[in-house]
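Walk through this protein with a focus on its side-chain contacts. Keep the coordinates open and follow along.

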Amino acid sequence: MPKGAGKVIAQNKKANHDYFIEETFETGIVLQGTEIKSIRAGRVNLKDSYARVHNGELFLYSMHVSPYEQGNRYNHDPLRTRKLLMHRREINKLIGYTKETGYSLVPLKVYLKNGFSKVLLGVGKGKKKYDKREDLKKKEAKRDIERAFRDRQKV
């Protein structure tokens with residue numbers, strides 16, 4: 001299965017608006033207790049989450065996984081820091097990217113692949129305000145062209 005393929009649970013739509021995504025990596029995620037049940041139910045939010053390399057290990061910060069409703073005392077802290085699983089060579093590559101100024105590790109989506117929860121992690125360079133405006137103009141122009149083409153097909 002290709003990278004990023006599987007049943008998509010949550011997507012960070014704002015990431016493509018705020019960053020130029022240069023490369024993506026598929027990572028596993030270490031979960032506790034009832035977290036996988038909450039993720040399978042789609043109760044996860046990637047907004048404002050980010051990843052960071054700390055002591056040669058990769059961690060995901062501020063990803064919100066809602067507590068499982070039937071979990072009672074076995075529930076977890078919704079915003080806890082979660083460890084991401086990658087090969088050493090890939091982590092070293094990420095360390096090289098993050099040493100350069102302006103690069104960030106942004107989670108793009110959470111999905112299920114072969115029964116396991118995966119996170120698609122993107123290496124992104126932050127966009128300036130004028131870049132965002134330019135992207136919106138391109139998207140709007142493309143939409144107008146498609147609309148005109150569709151109207152022309154009807155006549």
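**Charges, rings and a pocket**

D135 is partly exposed, at 28% relative accessibility. The model is a predicted one. Start with this residue and its partner. D135 makes a salt bridge with K127, and their closest N and O atoms lie 2.2 Å apart. K127 is buried, because its relative accessible area is 13% and the limit for buried is under 20%. The bridge thus joins D135, which is partly exposed, to K127, which is buried.

Now look at helix α4, residues 129-154. E134 and K138 both sit in this helix, four residues apart, which is about one turn. They form a salt bridge as well, with 3.7 Å between the closest N and O atoms. Are these two residues buried or exposed? E134 is partly exposed, with a relative accessible area of 42%. K138 counts as exposed, at 53% relative accessibility.

D131 also belongs to helix α4. At 16% relative accessibility, D131 is buried.

How many salt bridges does a search of the whole structure find? The search gives ten. One of them pairs R43 with E69, at 3.8 Å between the closest N and O atoms. R43 lies in the loop between α2 (35-40) and β3 (44-45), while E69 lies in the loop between β6 (64-65) and β7 (82-85), so this bridge ties together parts that are 26 residues apart in sequence. R43 is partly exposed, at 37% relative accessibility. E69 is exposed, with a relative accessible area of 64%.

Next come the rings. A pair of aromatic rings is described by the distance of the centres and the angle of the planes. How many aromatic pairs does the count come to? It comes to two. Y50 and Y61 form a stacked pair, 5.2 Å from centre to centre, with 15° between the planes. The angle counts as stacked because it falls under 30 degrees. Y50 is in strand β4 (residues 50-54) and Y61 is in strand β5 (residues 57-61), so the pair ties together parts that are eleven residues apart in sequence. Y50 counts as partly exposed, at 32% relative accessibility.

The other pair is Y97 with Y103. This one is tilted, with 5.8 Å from centre to centre and 45° between the planes. Both Y97 and Y103 are buried.

Return to Y61 for a contact with a charge. R52 lies over the face of Y61, 5.9 Å from the ring centre.

Side chains are one part of the picture; empty space is another. Rolling a probe the size of a water molecule over the atoms shows where empty space is left. The largest pocket holds about 200 Å³ of space. Which of its 13 lining residues are closest to the centre? They are N12, D18, Y19, D48 and S49. Two elements give two or more residues to the lining: α1 (13-18) and β8 (103-113). By type, the lining divides into six nonpolar, three polar and four charged residues.

Most residues other than glycine have a negative phi, and most peptide bonds are trans. D48 is not a glycine, yet its phi is positive, near 65°. D48 lies in the loop between β3 and β4. It is exposed, with a relative accessible area of 64%.

S62 gives another case of positive phi. Its value is about 55°, although S62 is not a glycine. S62 is placed in the loop between β5 and β6. At 25% relative accessibility, S62 counts as partly exposed.

How values were computed: Residues are numbered from 1 along each chain as its sequence is written. This is a predicted model: local features need pLDDT of at least 70, side-chain atom pairs count only at pLDDT 80 or more; totals for chains, interfaces and linings use all residues. Side-chain values use heavy atoms; hydrogens and water are left out. A salt bridge is a side-chain nitrogen of Lys or Arg within 4 Å of a carboxyl oxygen of Asp or Glu. Buried means under 20% relative accessible area, exposed over 50%, partly exposed in between (1.4 Å probe, protein chains only). Rings of Phe, Tyr and Trp (its six-membered ring) pair if their centres lie within 6.5 Å; planes under 30 degrees apart count as stacked, over 60 as edge-to-face and the rest as tilted. A charge sits over a ring if NZ of Lys or CZ of Arg is within 6 Å of the ring centre and within 35 degrees of the ring normal. On a 1 Å grid over the protein atoms alone, a cavity is a set of points where a 1.4 Å probe fits but cannot get out, and a pocket is an open set with protein on both sides within 12 Å along at least five of seven lines; lining residues have an atom within 4 Å of a point. Grid points are joined across faces, edges and corners, and a volume is the space filled by probe spheres set on the points. Ala, Val, Leu, Ile, Met, Phe, Trp, Tyr, Cys and Pro count as nonpolar, Asp, Glu, Lys and Arg as charged, and the others, Gly among them, as polar.
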